[in-house]
Amino acid sequence: MGYSGKPIVGDARAAAGQEGRERSAGGAGRPRGDALPSLQIGPYKVTFLSGGRFRLDGGAMFGVVPKVLWTHVAPTDERNRIRMRMTCLLIEGGGKRILVDAGCGTKVDAKFRDIYAIEGPEELLSDLASLKLAPDAIDTVAMTHLHFDHCGGGTTRDPGGAVGATFPKARYLVRRQEWHDAHHANERNRASYLPENYDPLEASGQLQLHDDDLEIVPGVWMKNLPGHTLGHQGCFFDIPGSRALYVVDLVPTVAHLPLPFIMGYDLYPMTTLETKRAILRDATREGWLLLFEHDPDLFAVRVSGTEQKVEFEKVA
């Protein structure tokens, strides 16, 4: 059921090193300015930007897996919530700047912040500013899906209360299936879809829907990874010798690498299982990098082994 190597399920925090373990007791630290973590993936510089931090119920995050099996790698607070990041990608290359996901944004009210223990949603823009990038420097915002913790920062409320695009010159990419589902939400997923996070993009003419996997720049694809939602997707760097996948909510943290460790939030958990099995089979065989959106201590790992027994080492 578990994975082995560096480390095993029972000690997943070890992959973050001693610094990561020390942060587990308190708030997650974050680099600033020129210390922002980044990787070179083929011709692209990929910088990990903070969309803020939040907490979700640990039981919901691990679904049918008993707490005794995950609590050591994802300790909970007094409200049974585990620490998580909202890490976004800035991809630079070929004269383009692409933002993948945008955190929860700053529109959320005090009650919402308390429920999810949201901290630092303004850090997305401050991280960009530390790189001397204004919002109008972003060419494309690619949304993996439309849940609030992934797309909320794509729009901003002005002092007069009007909501508009945070990135005024960007096209916003959304998979058509996800757009449809966001506008036909049900009792189970309605709390995750907030129209103010995406409807203003249609009104501004910046929304671009796509039906299939989409190559956003040469070798970089928005790739369907269904299960969490039908339109859920990751960002795949299909670059021979440098393949990498931003796994988003397919594998939200390193503790979710074992195949059965699937979130209760997933609408189609058996689809998640098969998507995850196929991805980990290819990733372990070819030694991909996996880039995390929600891990509280890790940004990227390199995997090996097999999909049934994943081994990994910290890269960033």
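Colleague: How many aromatic pairs does the structure hold?

Modeller: The structure holds 8 aromatic pairs. Rings of Phe, Tyr and Trp (its six-membered ring) pair if their centres lie within 6.5 Å; planes under 30 degrees apart count as stacked, over 60 as edge-to-face and the rest as tilted. This is a predicted model, where local features need pLDDT of at least 70, side-chain atom pairs count only at pLDDT 80 or more, and totals for chains, interfaces and linings use all residues. Residues are numbered from 1 along each chain as its sequence is written, and side-chain values use heavy atoms, with hydrogens and water left out.

Colleague: Where do phenylalanine 112 and tyrosine 116 lie?

Modeller: Both are in helix α4 (residues 110-116), 4 residues apart, about one turn of the helix. Helices (H or I, at least four residues) and strands (E, at least two) are DSSP runs, numbered from the N terminus.

Colleague: Is phenylalanine 112 buried or exposed?

Modeller: Phenylalanine 112 is buried, with a relative accessible area of 15%. Tyrosine 116 is buried too, at 18%. Buried means under 20% relative accessible area, exposed over 50%, partly exposed in between (1.4 Å probe, protein chains only).

Colleague: And what about tryptophan 179 and tyrosine 198?

Modeller: Their ring centres are 5.8 Å apart and the planes stand at 70°, so the pair is edge-to-face. This pair links distant parts of the chain: tryptophan 179 is in helix α7 (residues 176-182) and tyrosine 198 is in the loop between α7 and α8 (199-203), 19 residues apart. Tryptophan 179 counts as buried at 10% relative accessibility, and tyrosine 198 at 1%.

Colleague: Which residues do ring pairs link into a cluster?

Modeller: Phe62, Trp70 and Phe261.

Colleague: Switching to the sheet. What is the strand order?

Modeller: The order is β1-β2-β3-β4-β5-β8-β9, with 7 strands forming an open sheet of mixed pairing. The edge strands, β1 (38-41) and β9 (207-210), each pair on one side only. Two strands pair if DSSP finds at least two bridges between them.

Colleague: In which sense do β4 and β5 pair?

Modeller: Strand β4 (residues 96-100) and strand β5 (residues 140-142) pair in the parallel sense over 3 bridges. Valine 100 has alanine 142 in β5 as its bridge partner.

Colleague: Which residues of α5 are buried?

Modeller: Glu123, Leu124, Asp127 and Leu128.

Colleague: What comes just after α5?

Modeller: Lysine 132, which takes a positive phi of about 65°.
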